[in-house]
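Visitor: I have a structure open and a few questions about it. Can we go through them?
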Amino acid sequence: MRRICLLLTAIASAAASVQVASAQTQQKVKVATTFLGLWDTSQPTFCKNRGEFAKAGLDVDVTSTRGGSENVHAVTAGGMDIGYSPGTNAVMAAYAQGAKIKIISAEFKGQNDTFFYVPKDSSIKSIDDLRGK
């Protein structure tokens, strides 16, 4: 779980790096997760509750959506910075319909249908862009 928190913190940090914040305030990052309460979809909340985001200078707001398509819409409409665990079908369907999003990382190793994604014009191009952040 520590590794997941570190990865989530790195992704949130990268998303927040494009936002302007003063040195005294934590950077705000909004994460949409799907069906909060399941093991995999609760990881952002677990990391927030453990203080991992705060240690990295981030004020992360985790919002639960009611499924993959709502999760994708939350990001593409600009209300959320990061989508977490929407499911492959929802992202591929949105992409096929012209949504400007991209998958940047798997959610867990060994699972082929869980991943992180960002708006297409994000400065985050791959998971490697999060190294050292």
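This is a predicted model: local features need pLDDT of at least 70, side-chain atom pairs count only at pLDDT 80 or more; totals for chains, interfaces and linings use all residues.

Visitor: Start with H4. Which of its residues are buried?

Guide: In helix H4 (residues 68-76), the buried residues are Gly68, Asn71, Val72, Ala74 and Val75. They span an arc of only 155 degrees around the axis, so they sit on the same side of H4.

Visitor: And what is exposed on the other side of H4?

Guide: Ser69 and His73 are exposed there.

Visitor: Now H5. How do the axes of H4 and H5 cross?

Guide: The axis of H4 and that of helix H5 (residues 88-96) come within 8 Å and cross at roughly 50 degrees. The two helices are therefore oblique to each other. The crossing is right-handed.

Visitor: Which residues make the contact?

Guide: H4 contributes Gly68, Ser69 and Val72, and H5 contributes Ala90, Val91 and Ala94. By class, that contact has 4 nonpolar, 2 polar and no charged residues.

Visitor: Different topic. Where is Phe35?

Guide: Phe35 is in the loop between strand E1 (27-34) and helix H2 (43-49). Its phi is positive, near 50 degrees, in a residue other than glycine.

Visitor: Is Phe35 buried, exposed or partly exposed?

Guide: Phe35 is partly exposed, at 46% relative accessible area.

Visitor: And Ser85, what is its phi?

Guide: Ser85 is not a glycine, but its phi is positive, about 60 degrees. Ser85 lies in the loop between strand E3 (82-84) and H5.

Visitor: Buried or exposed?

Guide: Ser85 is buried, with a relative accessible area of 8%.

Terms used
Residues are numbered from 1 along each chain as its sequence is written. Side-chain values use heavy atoms; hydrogens and water are left out. Buried means under 20% relative accessible area, exposed over 50%, partly exposed in between (1.4 Å probe, protein chains only). Helices (H or I, at least four residues) and strands (E, at least two) are DSSP runs, numbered from the N terminus. The arc is that of the directions from the helix axis to the C-beta atoms. Axes are lines fitted to C-alpha atoms, for helices over the stretch in contact, and angles run from 0 to 180 degrees between N-to-C directions. Angles under 35 degrees count as roughly parallel, over 145 as roughly antiparallel, 65 to 115 as roughly perpendicular and the rest as oblique. A crossing is left-handed if the near helix is turned anticlockwise from the far one by less than a right angle, and right-handed if clockwise. Contact means heavy atoms within 4.5 Å. Ala, Val, Leu, Ile, Met, Phe, Trp, Tyr, Cys and Pro count as nonpolar, Asp, Glu, Lys and Arg as charged, and the others, Gly among them, as polar.
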